[in-house]
Amino acid sequence: MLVAVWRKLWADIKSHKLQFVLIASVLTLSAMLFTISLLVMGSAHEPWERIFEETNAPHIWISSHQYDLDFTPMIEHPEVSETTGGMAALANNPLMIEGEKRPVYLYAMDDPPQVAHPILAEGRWILSGVLDEIVLDYSFGHFYSLNVGDEIKVLAADGTRDLEVVGLAVTAHWFPYNEVTKDIAPAVGYLSQVTLEAIQPDMEQWYSVIGLRLKQPEISKEFIDRVYEAFPTQLTSAIEWQWVEQNATFANTINVMFMGLFSVLGLIAVGLIIFNTIGGQVLSQYQEIGLLKAAGFKPGQVTLLFLLEHLVVGLLAAVVGIGLGLMLAPGLISPLAENLNTPPPDIFAPGPLLIVFFLVESAIAIATLLPAWRGGKINTVQAITVGYQSQDYRVSGLAHLATRLCLPTVVSLGVKDTFSKPLRAAMSITGMVLTIVIVITSIEAQSTSKELAKNRVYDQGTSADMKVVRNFVPEEVIRNEILNHPDVTRFYTELPLFGQTPDYSEQPILFRLLSGAYQDFNFQLKEGRMIKAPGEAVVGYAVLDLLDAKIGNQVEFIIEGTLVELTIVGRYMESFNTGFVVLSNLETYKEKLGIEVQPLVYYLRLEDFTAAESLRSEWLTETKDLISIKIIKKEPPTSTAQLVDLITSLGLIMVVVTGANLMSTSLLSVRERSRDFGIQKALGLTPAQIGLSVIIGSITIAVISLLVGIAIGLLLMQEFIQQVGIQIGAGPDFFFIHWGYMMMLLPLVVLLAIASSLWPAYWSARLKVVDALRYE
Amino acid sequence: MKNLFLALLARQPTHGYELMQMYEGMFSTVLPTLNAGQIYTTLSRMERDGLVRKSTIVQAHRPDKRVYALTEKGGEVLQAWFNEVLTGPRIKDNFYLKLMGAGLSGTVDPSQLIKNQRREYLQTLHNLNTLSLEPEMTENPSKLVLIQGAMLHLKADLEWLDLCEEMFNEGAR
Amino acid sequence: METYLLETKQLTKVYRNNGSKVHALQEVDLAVKPGEMVAVMGPSGCGKSTLLHILGGLDNPTSGEVHINGQRLDKMSEAQRAVLRRKQVGFMFQAFNLIGNLSVGDNIELPALVAGLSVRQARKRRDALLEDLGISDKSRNIPAQLSGGERQRVALARALVNQPTILLADEPTGNLDSKTAYEVLRLLRQTHMQGQTILIVTNDPNVASLAQRVVFMRDGRIINETILQERDDTKTLLVELLNLEGG
């Protein structure tokens with residue numbers, strides 16, 4: 001049998017070179033795509049949970065401003081299984097990065113503990129007792145492009161101190177540091193005890209910290225209550241893991257959802273393409289099958305022969321494809337991994353590779369089995385005498401339609417030929433639709449993220465160019481500075497405050513109390529109108545959701561311990577604080593609480609955005625670095641941008657696979673129909689017309705796929721992005737369709753169809769009538 | 001002729017005139033037309049040989065009717081005719097002898113003979129073919145089958161001519 | 001000088017097969033008059049199919065001339081020949097060669113549409129031909145659902161739809177049993193009687209004998225030709241026949 005398989009394979013390859021090249025390349029590209037998808041999925045799937053497991057992270061972090069607090073009662077508590085032991089930490093000595101103070105938690109950790117042991121991603125761990133070395137959190141380091149060997153300044157008790165970054169480590173200690181979390185969560189760094197002492201010699205300023213692992217993780221909240229009871233005054237904070245998880249995973253939700261959707265679509269598309277390519281090939285050998293059976297092959301053996309033949313091709317393709325995938329994957333995955341705060345996955349892990357192998361081979365098996373089984377059942381006599389063509393030709397509805405529409409003869413011939421094998425046409429279309437859906441996904445992901453960036457949804461819903469926080473500089477000073485500066489065209493001010501709902505639910509709500517020319521700034525209103533008078537509020541989607549309220553409702557909040565009643569007049573798109581944000585007038589505060597307050601933050605619009613950099617350094621020098629200034633960039637967060645890039649590049653590979661598939665399908669059907677072309681030529685069709693009809697058939701498939709793909713893609717994306725929008729609190733109407741790109745798809749898809757059918761068209765145009773009609 | 005009459009009488013005893021009409025109806029275009037005299041001569045010769053028996057049916061208002069019926073001996077003769085199988089291949093031995101003779105004599109080119117003969121056969125085939133395609137033939141399958149039989153023979157003859165020609169061509173080389 | 005619909009001069013076709021030359025046609029001179037029915041007869045491999053292909057413009061001669069209705073075919077490009085075929089040539093093949101995924105009606109209409117007739121005109125001609133050939137009820141069927149005889153009728157209808165100058169038929173009854181072959185021959189004769197010029201290539205004397213003129217081919221050459229006479233007194237033929245056979 002093996003000899004027979006080998007001989008047949010060899011003969012097939014020799015007689016259908018191009019066809020085999022195409023099949024092999026479709027399989028190879030598919031294997032590559034599988035590999036990349038799986039690796040990416042593995043890397044993006046529940047990154048925080050994975051790190052939590054791998055670092056043996058504690059369920060509760062407890063910190064105290066009392067540096068010598070005795071943690072023994074906690075360590076010996078029956079619910080506690082393991083602890084980090086007491087650690088010294090600093091919280092008030094920020095790092096100086098790009099001229100800005102970045103809050104950081106610095107832990108003395110000469111030796112990484114068993115619990116919460118960070119995983120080194122780059123460099124080495126600090127040397128015990130060595131001065132001025134620091135290991136930084138991986139996400140933080142990458143966010144500011146800090147590498148091993150860089151010097152970094154820390155604000156010490158006596159001026160600044162230079163630390164050398166010796167390593168970057170992944171940790172589930174805290175949130176991953178990124179665009180969203182950077183303003184709410186400090187960074188994390190690990191130092192030696194001596195370095196800690198050098199930065200802050202006054203031990204009264206130290207904190208003591210311990211991490212606890214519980215036997216029953218789900219009781220962490222109750223456990224914290226008990227800890228507070230036991231240490232009523234000594235504790236500064238107690239953080240439990242579920243809260244961290246919620247906040248840490250939030251940032252990745254979009255990415256993971258995108259990745260998952262994409263990988264699944266990709267897998268199905270590739271599977272379909274394999275099915276189509278191989279299925280068509282087996283059926284094209286209809287006559288050969290008859291001969292094999294005549295030569296004494298049993299139906300089962302015929303099936304086996306075809307199966308083995310393709311499995312051998314698949315084997316070779318899988319090896320090459322996996323190799324290519326492994327070569328490409330690191331480049332695609334590493335940036336993503338950085339942003340998801342996971343170490344790059346182990347590329348050479350045998351698990352995913354075996355899965356790819358298995359997937360490719362089983363896809364081939366499934367794809368081959370049905371046609372091969374059909375092949376085995378072929379009536380021998382019929383196969384030898386008439387060949388396949390008279391078997392399942394029928395006139396499809398679409399073919400009839402082509403006639404009805406009185407299309408030009410060549411067009412209608414092309415369309416009819418395409419749909420004379422309805423199953424194959426359907427499979428081609430389905431495969432291509434999935435590809436187009438993926439391409440549309442990437443286009444929409446691109447345009448949505450660009451649109452969001454343009455509307456600054458990532459930056460508190462404003463369209464400002466610069467954000468100034470005055471810190472302790474008096475209000476009038478800053479105001480005068482801004483008012484008198486020629487570069488500033490408009491500005492509004494804001495006092496951010498955290499409040500709650502009256503039921504004291506744990507969800508903190510950010511109140512942004514506005515004054516000044518905020519009406520001129522583009523808040524992304526989705527419903528209702530902007531605030532006008534005191535007592536009115538515009539809220540994020542999450543607030544409506546939490547309160548189960550509607551526009552026009554009167555709702556109550558607790559601000560600074562006082563019950564405040566506000567009328568909701570509108571909803572705007574806001575992703576900060578997962579959308580738990582209320583916009584109101586600064587007057588509201590004065591009116592409701594009866595206290596005079598001053599704004600803290602200034603949002604400016606500049607005459608010329610390029611002047612922002614010089615303005616910033618000018619003001620920083622003037623105020624001796626006492627204020628913070630941020631230039632609001634017009635780019636989406638890097639992680640989203642990278643994910644979008646990844647989807648786009650995978651989409652491109654899919655397009656290549658689809659093109660190869662289209663070509664292989666086209667070539668197959670052209671081969672099968674060589675006799676028909678001969679007849680058509682005999683009836684007076686010119687070579688150009690024959691070629692054109694082949695190309696038109698291919699274009700028909702492509703255009704139908706495009707239309708269906710756009711419809712499905714838009715529906716899917718709308719549903720999907722709606723979910724994402726709700727998840728991140730921006731609201732369900734968080735969706736941008738880039739019609740310009742959609743329009744561009746049409747010529748591109750048509751070009752792809754033409755490119756992939758060019759060779760089949762040429763082949764059929766050059767076909768010699770006499771050869772095609774030769775009677776066998 | 002005799003055997004055909006026996007076959008007709010085997011169905012039922014028949015009057016001489018009816019016999020003539022049956023014959024006309026079935027074979028008019030195929031066989032030469034018979035006149036009443038020929039029929040009666042044949043019948044009386046058959047009666048003499050004991051193959052048929054004549055009986056007279058008296059009719060009240062018409063002349064008496066003479067009816068012929070098959071005798072036992074007549075039945076046996078008819079059966080013997082049916083049982084007799086046609087033997088041997090039929091070859092146009094006339095043409096074969098002519099062809100061989102031409103080869104021997106050396107005065108005539110055998111291939112010319114073949115050509116002439118082929119033309120003749122084809123012409124006959126053409127005649128039969130056009131006749132067989134006449135619309136009336138579809139209603140007359142017994143005639144059609146006769147023509148087609150003849151055409152098949154001609155086809156065979158033509159193929160045989162090809163063989164003869166091939167033989168002479170090879171001999172000439 | 002007599003005008004011919006179809007004329008070849010010194011037509012020669014040489015194939016190269018693994019370095020050796022094969023002379024499929026050698027200096028063939030053939031002329032067909034309007035309304036004539038000519039049969040080219042010969043054993044398989046004598047070059048008669050190659051001759052038919054070249055006459056129909058499906059293949060190019062190595063040398064020599066082909067004139068069809070005053071146009072010189074052998075100098076044309078493939079596309080030009082295709083355009084010429086639309087109006088001038090109708091083909092009938094042994095293997096029917098209907099397009100499997102087109103309905104019977106569409107098969108017949110196709111050459112008309114290609115030749116630039118409007119859909120309505122094409123439909124009109126199609127219906128007339130279907131009626132003529134007695135297959136009106138099969139218009140919506142696909143070829144696979146038809147019997148061999150019906151398929152060859154569709155092929156004939158398709159060949160005739162453009163009212164071609166000449167109908168070229170290659171072993172039109174080769175794939176049929178004798179009964180359906182008889183039907184197809186009848187239709188061919190009927191077509192000829194309506195004035196259609198026909199050239200048949202065949203190995204079957206029955207088919208060839210239908211023609212007015214039979215041309216014999218051997219090894220790529222025309223070796224002989226016979227003109228067949230129409231006989232008026234077909235009635236007496238049968239009598240002769242039985243005598244002849246019986247005698």
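Me: A patch is built from residues that have over 30% relative accessible area and no salt bridge, joining like charges within 9 Å or nonpolar side chains (Val, Leu, Ile, Met, Phe, Trp, Tyr) within 5 Å. What makes the nonpolar surface patch in chain A?

Reply: Val319(A), Val320(A), Leu324(A) and Met327(A) make it, and it covers about 380 Å². Accessible areas here come from the Shrake-Rupley method with a 1.4 Å probe, and for residues only the protein chains shown count as cover. By the way, this is a predicted model, where local features need pLDDT of at least 70 and side-chain atom pairs count only at pLDDT 80 or more, while totals for chains, interfaces and linings use all residues. Residues are numbered from 1 along each chain as its sequence is written, chains are lettered from A and ligands numbered from 1 in the order in which they are written, and side-chain values use heavy atoms, with hydrogens and water left out.

Me: Why is Met327(A) called exposed?

Reply: Met327(A) has a relative accessible area of 66%. The labels go like this: buried is under 20%, exposed is over 50%, and partly exposed is in between (1.4 Å probe, protein chains only). So 66% puts Met327(A) in the exposed class. You'll find Met327(A) in helix H10 (residues 299-339) of chain A; helices are DSSP runs of H or I with at least four residues, strands are E runs of at least two, and both are numbered from the N terminus.

Me: Which residues form the negative surface patch?

Reply: Asp68(A), Asp70(A), Glu76(A), Asp202(A) and Glu204(A) form it. They're called negative because Asp and Glu count that way, Lys and Arg count as positive, and His and the chain ends are not counted. Each charge is placed at NZ of Lys, CZ of Arg, CG of Asp or CD of Glu. One of the members, Glu76(A), sits in the loop between helix H4 (72-75) and strand S2 (80-83) of chain A. With 62% relative accessibility, Glu76(A) is exposed.

Me: Why is Leu746(A) called partly exposed?

Reply: Leu746(A), in helix H23 (residues 739-766) of chain A, has a relative accessible area of 41%, so it gets the in-between label. Tyr17(B) gets that label too, at 45%, and its place is helix H2 (residues 16-27) of chain B.

Me: What makes Glu109(C) and Arg126(C) a salt bridge?

Reply: The rule asks for a side-chain nitrogen of Lys or Arg within 4 Å of a carboxyl oxygen of Asp or Glu. In this pair the closest N and O atoms are 2.6 Å apart, and that passes. Glu109(C) is in helix H3 of chain C and Arg126(C) in helix H4 (residues 119-132) of chain C, so the pair ties together parts that are 17 residues apart in sequence. Both ends are buried: Glu109(C) at 2% and Arg126(C) at 12%.

Me: How do you know that helix H3 of chain C is largely enclosed?

Reply: Count its residues: 10 of the 11 in H3 (residues 104-114) are buried, so the rest of the structure largely encloses it. Among them are Asn107(C), Glu109(C) and Pro111(C). Just after this helix, Gly116(C) takes a positive phi of about 100°.

Me: Why does the salt bridge of Asp204(C) and Lys155(B) join two chains?

Reply: The closest N and O atoms of the pair are 3.5 Å apart. Asp204(C) lies in the loop between strand S8 (197-202) and helix H7 (205-208) of chain C, while Lys155(B) lies in helix H7 (residues 141-172) of chain B, so the pair links the two chains. Asp204(C) is buried, at 18%. In total, the whole structure has 29 salt bridges over all chains, including the 3.3 Å one between Asp49(B) and Arg48(B).
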